[in-house]
Amino acid sequence: MKKLKLALISSMFMGLVGCSGGVDITASSTAEEIYNASCASCHGGGLKGWMTGAPEVGDVETWKPLQAKGVEAMTLFSIKGVNKMPARGGCKTCTDEQIKATVEYMAENSK
Ligand code: HEC
């Protein structure tokens, strides 16, 4: 029984890791589209968010110190990556402006 549970959990995790793609981000993609395609897998809570420790969008308390740093600082971190946060949130085709807009979108939804 224990083994079955473990197998279930690991297959769920593999599924989550594998499903972050699927949508092509182009120069005209909006912040919301980029968030859903590239960031929500970690920042939308759930198992992967819990495992990586990504600040969950909508969790006002967690975002307070980030909001205090400001969007510019958060954008720089997001472009470079920080700890388990990949550079550009894994969105290799995103421009700096798009990353900034997405950070703004996340911050706006976490107030
Ligand atoms: C693989 C998981 C993962 C993905 C995908 C991801 N993030 Fe993150 N993100 C994290 C983690 C983990 C942290 C916390 C890093 C730390 O401070 O230890 C973080 C932190 C952040 C922060 C706060 C940075 C700061 O100033 O401390 C911002 C803003 C952010 N992410 C934006 C994004 C955006 C925008 C995307 C999509 C384009 C994205 N993330 C995709 C895992 C992820």
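1. Helix α2 (residues 31-43) and helix α6 (residues 96-108) have axes that come within 9 Å and cross at roughly 70°. Axes are lines fitted to C-alpha atoms, for helices over the stretch in contact, and angles run from 0 to 180 degrees between N-to-C directions. Because angles of 65 to 115 degrees count as roughly perpendicular, α2 is roughly perpendicular to α6.

2. This is a predicted model: local features need pLDDT of at least 70, side-chain atom pairs count only at pLDDT 80 or more, and totals for chains, interfaces and linings use all residues. Residues are numbered from 1 along each chain as its sequence is written.

3. From α2, the contact with α6 is made by Ala31, Glu32, Ile34, Tyr35, Cys39 and His43. The α6 side consists of Gln98, Ala101, Thr102, Glu104, Tyr105 and Met106. Two residues are in contact if their C-beta atoms, placed from the backbone, lie within 7 Å.

4. The ligand is surrounded by 29 residues, and the closest are Cys39, Cys42, Asn83, Met85 and Gly89. At least two residues each come from α2, α4 (60-69), α5 (71-80) and α6.

5. Of the 111 residues of the chain, 23% count as buried, that is, with 20 or more other C-beta atoms within 10 Å of their own, C-beta atoms being placed from the backbone.

Definitions and conventions
Helices (H or I, at least four residues) and strands (E, at least two) are DSSP runs, numbered from the N terminus. Angles under 35 degrees count as roughly parallel, over 145 as roughly antiparallel, 65 to 115 as roughly perpendicular and the rest as oblique. A residue is near a molecule or strand if its C-beta atom, placed from the backbone, lies within 6 Å of it. A residue is buried if 20 or more other C-beta atoms lie within 10 Å of its own, exposed if 12 or fewer, and partly exposed in between; C-beta atoms are placed from the backbone.
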